[in-house]
Amino acid sequence: MTPTRKFYAVAIRLAALCVMIAVIAASAASAASAATPGGAQDRALAQMLQGIAHDFDREGLEAGIVLQRDTGNLEPGVRCATRPVADFEQQFIGAAVAEYLRAAGTEHRTRDFEVPVQFHILRKRNGDWDVTDAQIAEQLDVLNRSFTEHGFRFALRGVSRRNKNKFAKKCLSARVERRFKKRYAIDPRTTLNVYSCRPKEDVLGYAYFPSDYPEDSFLHGVVLLHSTFPGGRAAPFDLGDTLVHEVGHYLGLYHTFEGKCGKRGDGISDTPRERSPASGCPIDRDTCSQPGLDPVRNFMDYSDDDCVEEFTAEQELWMKDRLETFKPSLGGS
Ligand SMILES: [Ca+2]
Ligand SMILES: [Ca+2]
Ligand SMILES: [Zn+2]
């Protein structure tokens with residue numbers, strides 16, 4: 001872990017510890033209603049998660065990949081600016097999901113989720129950084145080829161294009177993000193909003209977890225580097241798998257290297273533990289002594305687009321369980 005990341009990890013942990021004490025106090029005060037969705041404990045949990053999501057500094061991340069820029073040159077970039085998740089947070093959310101499903105059941109696991117997608121193409125004032133309708137159609141195909149076998153279908157709801165220098169160039173900034181999402185987001189409860197732009201330092205994308213904000217929050221959705229769409233220039237990340245990866249986060253998945261070789265890992269038992277992000281396509285990589293080679297072909301690793309190709313059976317259940325718990329209005333028929 002780099003010093004910067006370590007600093008944020010510690011800061012996040014400290015902040016969350018304070019809130020945890022409040023959570024414990026609240027649940028002790030209302031022991032009888034603690035398990036009821038919407039009860040005191042759930043509100044405290046929701047506040048804690050929002051605080052952590054809000055405090056994460058996306059702009060402090062260090063480059064970990066090399067990609068082709070608009071100029072054609074190969075330069076450093078950041079694969080994903082979705083925040084890391086501390087062990088205690090995983091534990092809290094996991095407990096909340098389990099608690100909720102004990103009452104709600106698991107019927108949702110067998111149904112198909114249909115998700116409308118609205119694309120917001122934020123371009124420079126002169127129209128640069130556009131994404132064509134053909135690219136968007138191909139991007140939706142990539143999304144569906146990756147998710148259909150797991151019970152998710154994505155359908156085009158619409159495309160809007162806007163020439164706004166500030167939004168197009170500063171879409172990594174939390175302040176600017178709030179402005180364009182508040183203005184443009186379309187029914188976040190039922191619709192996946194995808195914003196294309198050019199984040200500073202060529203960050204490929206970022207998203208939020210379903211548990212981060214209430215389901216109707218305009219902050220939900222995916223922000224994506226325009227050149228990661230199929231046919232874009234961001235080789236080797238130009239086949240559309242960045243959106244697949246970010247939608248994985250949007251539906252609740254963590255990175256396969258989350259938790260490194262620790263006890264919890266990414267919380268998914270059929271993805272072997274992994275100490276750090278993979279790059280390229282190192283199919284024999286084995287960074288943790290626990291059984292199994294690193295899951296470098298999983299969409300939630302950092303491997304090249306022509307390498308990643310799968311979600312596991314348990315990742316599918318995980319996504320469905322998290323939607324049922326935190327975003328029940330998404331994917332309904
Ligand atoms: Ca795992
Ligand atoms: Ca291993
Ligand atoms: Zn990611």
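The legends below describe close-up views of a predicted model. Local features are given only where pLDDT is at least 70, and side-chain atom pairs count only at pLDDT 80 or more, whereas totals for chains, interfaces and linings use all residues. Residues are numbered from 1 along each chain as its sequence is written, and chains are lettered from A and ligands numbered from 1 in the order in which they are written.

View 1. Helices (H or I, at least four residues) and strands (E, at least two) are DSSP runs, numbered from the N terminus. Ten of the ten residues of α7 are buried, so the helix is largely enclosed by the rest of the structure. A residue is termed buried if 20 or more other C-beta atoms lie within 10 Å of its own, exposed if 12 or fewer, and partly exposed in between, with C-beta atoms placed from the backbone. Among the buried residues of α7 are Asp241, His245, Glu246 and His249. The cover over the buried residues of α7 includes α4, β5, β6 and β7. Gly252, with a positive phi near 115°, follows α7.

**View 2. Packing of α4 (residues 133-147) against α7**. The two helices pack at an angle of about 50°, with their axes 9 Å apart. This makes α4 oblique to α7. Axes are lines fitted to C-alpha atoms, for helices over the stretch in contact, and angles run from 0 to 180 degrees between N-to-C directions. Angles under 35 degrees count as roughly parallel, over 145 as roughly antiparallel, 65 to 115 as roughly perpendicular, and the rest as oblique. The crossing of α4 and α7 is right-handed, a term used if the near helix is turned clockwise from the far one by less than a right angle. Gln139, Val142, Leu143 and Ser146 of α4 meet Asp241, Leu243, Val244 and Val247 of α7. The residues of this contact divide into five nonpolar, two polar and one charged. Here Ala, Val, Leu, Ile, Met, Phe, Trp, Tyr, Cys and Pro count as nonpolar, Asp, Glu, Lys and Arg as charged, and the others, Gly among them, as polar.

**View 3. The largest nonpolar core and the contacts of Val194**. A nonpolar core is a set of buried Ala, Val, Leu, Ile, Met, Phe, Trp, Tyr and Cys residues joined through C-beta atoms within 7 Å. The largest has 64 residues, and those with the most contacts inside it are Leu122, Cys171, Val194, Tyr195 and Val222. Strand β3 gives the largest share of this core, five residues. Neighbours within four places in sequence aside, Val194 is in contact with Val117, Phe119, His120, Gly221, Val222, Leu224 and Leu243; contact requires C-beta atoms, placed from the backbone, within 7 Å.

View 4. Asp187 is partly exposed, with 13 other C-beta atoms within 10 Å. With 22 C-beta neighbours inside 10 Å, Asp202 counts as buried.

**View 5. Thr110 and Leu317**. These residues are 207 residues apart in sequence and 9.3 Å apart in space, C-alpha to C-alpha. Thr110 belongs to the loop between α3 (87-104) and β3 (113-123). Thr110 is exposed, with 8 other C-beta atoms within 10 Å.

Key: Two residues are in contact if their C-beta atoms, placed from the backbone, lie within 7 Å.
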